[in-house]
Amino acid sequence: MTIRAPEGRFRILPRRTRFGLSLGLIAVAAVATLMALGSLPTGIAGGNAPTSSRVSAVPVGSSGAPSAPANSSPNSSWQLVNTSGGPSARAGMGMVYDPLLGAVVLFGGCTSGQYWNYSCAVVNETWTYSNGNWTQLHPAVSPPARVQPAMAYDPETGDVLLFGGGTGFPSYLSFQDTWEFDGANWSQVTTNLTPAPSDFGAVMTYDSAIGAIVMYDSGEVYHGGPFLNDTYIFSSGQWSLAASGAGPSPRSAVSFDYDATLGAVVLFGGNQCNNATGLCPNLGDTWVYSNGTWTNASNSGPPARNGGQMAYDPALNASLLLSGHNGFTYYDDAWSFSGAGWTELSSANVGPDPSEGAGLVYDTASRQMVLFGGYDADDPQFNGSQFFFDQTWTLSGAPTGGSQDWVAVNSTGGPSARAGTGMVYDPTIGAVVVFGGCTAGHFWNYSCTTNNETWTYTHGNWTQLSLPLSPAARVQPAVTYDPTTGDVLLFGGGSGNSTYLSFSDTWEFTGTAWTPVNSTLTPPASDFGAVMTFDTAINAVVMVDSGEQYAGGPYLNDTWTFSGGQWSLALSGTGPSARSAESFDYDPTLGAAILFGGNECQNSTGNCPNQGDTWAYANGTWTNLTLVGPPPRNQAMFAFDPAINASVLFGGHFDSTYYDDTWTYSAAGWAELSASTSGPSPSEGAGLVYDAADQQLLMFGGYQNVGGSWQYNGTEIYYDQLWSFSAPPPGPGLAIYSFLATPSLITLGNTTVISSLVQSSSPVTYSYAGLPTGCASANVRVLDCTPTAVGNYTADLMVFNTQNQSASATVAISVAADSSVGNGTPVLVILSLRASTLSVSVGNTTTIVASVISSSPVTFSYAGLPTGCASANTDILRCTPTSVGVYLVQLTVTNSVGLSAQATLAISVTSSGATIHTPPSPTGLGGSNAAAEEYLLLGAIVGAVLLGAVAVTAISAQAQYRREGEALAREMLSAREGDEERPHP
């Protein structure tokens, strides 16, 4: 197959005017059911939850997801996916994303002949596309071969719905049959009312605002037929005529899709061929269908055309229109439609060829648009011949996430190459923050050039901030995000050459400014050995400080905490041996801070023995986990990844050995991931954080000494590459990963910002109750609240998606008359409810962990546990199921003053699977929480629900994921950054 050499993309290629009959493609009836986090649709779905018993199994091809830049701007680029063994070249197929299957489903289409009038050979093949791989299914029953069927995913049944289409050459039959695909087999649906047969003019999509499939049917067939403008509804297994003769003028080959941002169906263009004259005038008008009414929305936008592909793109919060044709003019432009009208997107250097009849859908699993196939009837490059395409293209607003692997992120205008930066994700501003680092010189001993630049990274874009006040230039500061203040906390680091100063200053970054912090007690100055993370279990920052300095200094093993603007010494001389350059981060699944490796350079001998031990810090106690894991090393990058409920460790070094291996640490211990053939270079000193905005681990920078000893005689390389680490994303469902008020204790007249982080496989709406007096609910993810009355309030968030699922969370907000009031405020909040694994096989153990903050003693009660597990009054419950099933576990926590809170968690129990090895719970990591245990609020309570933990999650009882094998919504735990300190050999 010859692949066309791309010229310029997203521009109109003029061709000679086409004559005669020009019957084009019908826009792909695809349902893009995923909203990006932060999108704000307006419609609330009605109806009942899916009751299908479908099995969500799909054959899996070879691994290898397409690489894609993490860029959610309108300038996101197309990526040609190198797939093999996929569908043959074709056009006019039905193509839709099935969220239960976690794959794109393709059916039928033309593979040769004249597609423009359907004088073509048709097929009835069923294919799926997932994680960069095409797989052909062989259902026992399938619809007859056809071209241009109308298809959409129906969340009411959990199946793909198909209607109509035509046989093409030589019979030219027009179908009016209805079929459902359950992920494995097709079955024909018998309905009381049948829409007019249509092989040219039917398009459909799921309308979440009304909770039903909407189909626009022109009734056009190959031999003429009427041109209608009928609107049908499919619900509860039946078709009904919603409107006839109203709305857009009769036409076919329209572009058609549901726009979750508008909460309405959007129709663009098409044509109406006059059977008497043979003329087919093309249209360029836009119509919106909402609440049963068609409205002419815009006549100014893309050039008139038919057969354009349209699908909702949550990265744009808009509908995306591509391609189509008008006569002999085939387009390769791209347009987006939002409430503000049409916008032509910027050109890209590479993209799909001008065509019609391609399939375009939004792939929820990989968070990207997928385009396959297409047709060009008059291409000069092919001597005017009929040309069908078999290429697969992706357009990414986020990384693919198809497999556990590293993907290079094509970002521009970012920081220069550097290592030893402070790098952390700041959820308050929704961006990664990078400060300082070395840009040249000997990084191994910090004889290097440092800077005090502050950069932010969000959605594929770097921005350097110009601030009036910043910490002094330094390398290896300890940084973390402190949700109690809503700021980034920074401590220490070193100045590098030529002064070699060791800092002991503390700073806070508000998102727009740096401010020095004056603490009564200050940890020892450290330019090599301080690492910190936020510990949600104690609601404070934890820092391990060796006190090591360039000129020597002591080697300490001090543990410090930062809370209420003050440092305090928690432990001294206990825990891990004195060391620096260790890896350190908080694991919310274990409820503990995890420390790995590091070294202790001996000033007298110059030797720097490296460590390979793993320690956990919980409830004020260090525990040696005595696990077998990565080889000893220092300066390895380490951060928690909520997509896999595990911490990820990359790289580091020992003497002249620089590592490029990737490990995960979880309740099951250490596991080395398969080596990537194209991942980051071996390095140390990079920054590694979880970017909650784009739901991915990001690693930036790093250092390597190549070709010499670990000290000199080699080539010293600083990296400026940005890498993302993607894991398989959560299955379909709805979960609230965090719900917080910042601050949660405020003085009357001040403002608290109430925000949430929600993951859903379909668009969501927001509703608040129990807000402080003076604050009103709104359908927004971030709500500003300025109370007008003193009191204690429990704010409730209810989130609904278009699959009739719901989730809820609560946060306690205390409003005081002045700043001196509030220490005695009764509060009870469930910070998180999680399990060491959400899918466990019979006979194996999963550990359910609750994180609670209360101003008085609490009791715990569990319901809905898997068979074989019993409730107990404990915050850590070990559960060994004896029966297969999907269980919705509900926790109720009650404190001694009568406050109560609830949270839910879905657990799947399978009959077989990998054995889960859970290491013994170390002292301080868990155990029962007696009713008398008391969580005291220290000073002003802020950030009652922390981004580092899962907020209260409640899933509608109507959507309990009862279908065996259905992908469970994974619990997202927004992570603390990984601090990687002092690079010794």
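Colleague: Is Trp455 buried or exposed?

Modeller: This is a predicted model, and the accessible area can be computed from it. A residue counts as buried under 20% relative accessible area. Trp455 has a relative accessible area of 8%, so this residue is buried.

Colleague: How are the rings of Trp455 and Trp462 arranged as a pair?

Modeller: Trp462 is buried as well, with a relative accessible area of 9%. The structure holds 24 aromatic pairs. In the pair of Trp455 and Trp462 the ring centres lie 6.4 Å apart, and since planes over 60 degrees apart count as edge-to-face, their angle of 85 degrees makes this pair edge-to-face.

Colleague: Which element gives the largest share of the largest nonpolar core?

Modeller: That core has 25 residues, of which Met423, Val432, Trp462 and Leu697 touch the most other members. The elements that give two or more residues to the core include β32 (422-426), β33 (431-435) and β57 (696-700). The largest share, four residues, comes from β57.

Colleague: Which strands stand at the edges of the open sheet of four strands?

Modeller: The order in this sheet is β50-β51-β54-β55, with antiparallel pairing. An edge strand has a single partner, so one side of it is left without a neighbour in the sheet, and this holds for β50 (637-641) and β55 (669-672).

Colleague: Which residue in β51 is the bridge partner of Phe640?

Modeller: β50 pairs with β51 (residues 646-650) in the antiparallel sense, over five bridges. In β51, the bridge partner of Phe640 is Ser647.

Definitions and conventions: Residues numbered from 1 in each chain as written. Predicted model: local features only at pLDDT ≥ 70, side-chain atom pairs only at ≥ 80, totals over all residues. Heavy atoms only, no water. Pairing = 2+ DSSP bridges. Core = buried A, V, L, I, M, F, W, Y, C linked by side-chain atoms within 4.5 Å. Buried < 20%, exposed > 50% of the residue type's maximum accessible area, 1.4 Å probe, protein only. Phe/Tyr/Trp six-rings, centres within 6.5 Å; stacked < 30°, edge-to-face > 60°.
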